[in-house]
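Got your viewer open and a cartoon view on screen? Let's take a walk through this model, one selection at a time.

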Amino acid sequence: MREVSRADVVLSGYGPVGRAFAEYLARQGGELARRHGVRVNVGAVRASSAQCRLHEGEAVPPRSAWSPPAPLEETLDRTAARVFVQAIPSSPELRQHAAQEALVALRRGVHVVTATKSHLLSHWRDLDEAARAAGSMIRISGATGAALPAGDLSRASLRGMGCTTIRACPNGTATFVLDRLAEGDSLGEAIREAQRRGTAEADPSSDLSGADAATKVRLLAALAWGWDPATVEVRAEPVEEGTSRAALDAVSRARRLRAVASASLDEPRLVRVRLEETEPGDPLHALVGSEKAVVFGCPDAGDVIVSGGRSSPLGAALALVKDTLEVTAPRTGFL
């Protein structure tokens with residue numbers, strides 16, 4: 001029988017993604033331990049103004065039972081955490097806070113697993129240097145496509161494959177809205193339906209402006225080619241009221257309009273997001289609902305394509321679980 005090790009984590013952020021992460025581990029922790037050789041235990045949960053400590057197997061209590069937050073250093077030490085998991089919103093207001101907490105963890109030799117994007121864009125070099133100096137790791141699958149393992153491909157699986165281009169529809173809301181426009185919905189109707197299904201945020205502006213898609217490709221390019229996301233220029237074409245006609249015109253020719261984010265080694269440190277008509281046979285054409293896809297162009301090896309992974313809090317939480325296992329599970333034999 002496989003020996004099982006223990007990995008305590010500190011979770012920062014208890015919104016929909018953080019809650020889904022903690023609840024999934026509570027339900028599936030035993031099975032994950034059996035299959036992967038590590039029992040992941042949430043030792044503490046932190047929010048903006050409170051935190052709670054947990055004993056193994058204990059459910060997260062109501063917020064009213066939480067205590068004032070202790071310094072992160074103290075919480076990491078008291079829980080003996082091996083991983084610091086970030087599930088706080090990717091907002092400019094929280095960027096500095098997210099960066100400072102990640103740096104504190106990394107400098108103490110604690111691995112960081114994050115679904116938060118904002119500080120990755122602004123503090124990439126600082127985070128990388130801190131991790132290398134302390135021998136810790138950063139994993140960002142939750143920030144590059146949730147359940148879609150595009151980050152893993154960019155970071156490790158394409159090494160030596162000669163990837164020269166990235167072409168992607170990494171934002172499920174934009175894909176969903178464009179398809180609804182092609183069915184005759186107004187932009188407002190399409191957004192409301194995406195929100196009703198839990199695909200779109202209350203404020204979908206980042207999705208429809210192309211900013212979110214550009215962010216994800218900036219991060220994928222950073223993993224694949226070493227670009228500093230802070231130095232990458234973005235040129236984005238938004239989905240707006242006038243896009244409805246283009247979506248209807250495309251479907252009349254058996255094509256589908258897609259918000260395609262792309263980067264290329266031929267155009268260093270530039271990410272474009274354009275509304276493109278895609279034809280049958282194109283992996284981006286085949287997407288359904290809020291599915292996502294990334295095409296890594298490898299001239300010698302051939303295109304490497306990953307698709308699927310619908311947008312949802314659980315999808316992002318599963319990416320956090322996967323990354324947590326990746327930095328803590330034993331690596332021997334085929335594993």
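Before you click anything, here's a cut-off you'll need: a residue is called buried if its relative accessible area is under 20%, and exposed if that area is over 50%. Keep in mind, too, that you're looking at a predicted model.

**Stop 1: the sheet.** Show the strands. You'll find an open sheet of 6 strands, in the order β3-β2-β1-β4-β5-β6, with mixed pairing. Now pick out residues 51–53 (β3) and 138–139 (β6): these two stand at the edges with a single partner strand each, so one side of each has no neighbour in the sheet. Strands in a sheet are held together by backbone hydrogen bonds, and they can pair parallel or antiparallel. Which sense do β2 and β3 use? They pair in the antiparallel sense, over 3 bridges. Select A44 and look across to β3: R53 is the residue standing opposite.

**Stop 2: the helices on the sheet.** Bring up α1, which packs on the sheet and touches β1, β2 and β4. The direction of α1 makes about 160 degrees with that of β2. Then select residues 95–107, helix α3, which lies across β1, β2, β4, β5 and β6. Helix α3 runs at about 165 degrees to β4.

**Stop 3: N41.** Go back to strand β2, residues 38–46, and click on N41. Is N41 buried or exposed? Its relative accessibility is 7%, so N41 counts as buried. Leaving out residues up to four places away in sequence, N41 touches R6, A7, D8, V9, H55, E56 and G57.

Stop 4: In soluble globular proteins, nonpolar side chains tend to be buried together. Here, the largest nonpolar core has 29 residues, and L11, F21, V42, V45 and V85 have the most contacts inside it. Two or more residues each come from β1, α1, β2, β4 and α12, with α1 giving the largest share, 6 residues. Zoom in on L11: beyond its neighbours within four places in sequence, its contacts include F21, V42, V45 and V85. Another core lies apart from that one, with 23 residues, among them A150, L153, A214 and W225.

**Stop 5: the cysteines.** How many disulfides does the structure hold? The count is 0. Select C163 and C298: the sulfur of C163 has its closest cysteine sulfur in C298, 4.6 Å away, which is too far for a bond. C163 is buried, at 10% relative accessible area. Finish on C169, where the closest cysteine sulfur, in C163, is 16 Å off, so that's too far for a bond as well. C169 is buried too, at 1%.

Definitions and conventions
Residues are numbered from 1 along each chain as its sequence is written. This is a predicted model: local features need pLDDT of at least 70, side-chain atom pairs count only at pLDDT 80 or more; totals for chains, interfaces and linings use all residues. Side-chain values use heavy atoms; hydrogens and water are left out. Helices (H or I, at least four residues) and strands (E, at least two) are DSSP runs, numbered from the N terminus. Buried means under 20% relative accessible area, exposed over 50%, partly exposed in between (1.4 Å probe, protein chains only). Contact means heavy atoms within 4.5 Å. A nonpolar core is a set of buried Ala, Val, Leu, Ile, Met, Phe, Trp, Tyr and Cys residues joined through side-chain atoms within 4.5 Å. A disulfide is a pair of cysteine sulfur atoms within 2.5 Å. Two strands pair if DSSP finds at least two bridges between them. Axes are lines fitted to C-alpha atoms, for helices over the stretch in contact, and angles run from 0 to 180 degrees between N-to-C directions.
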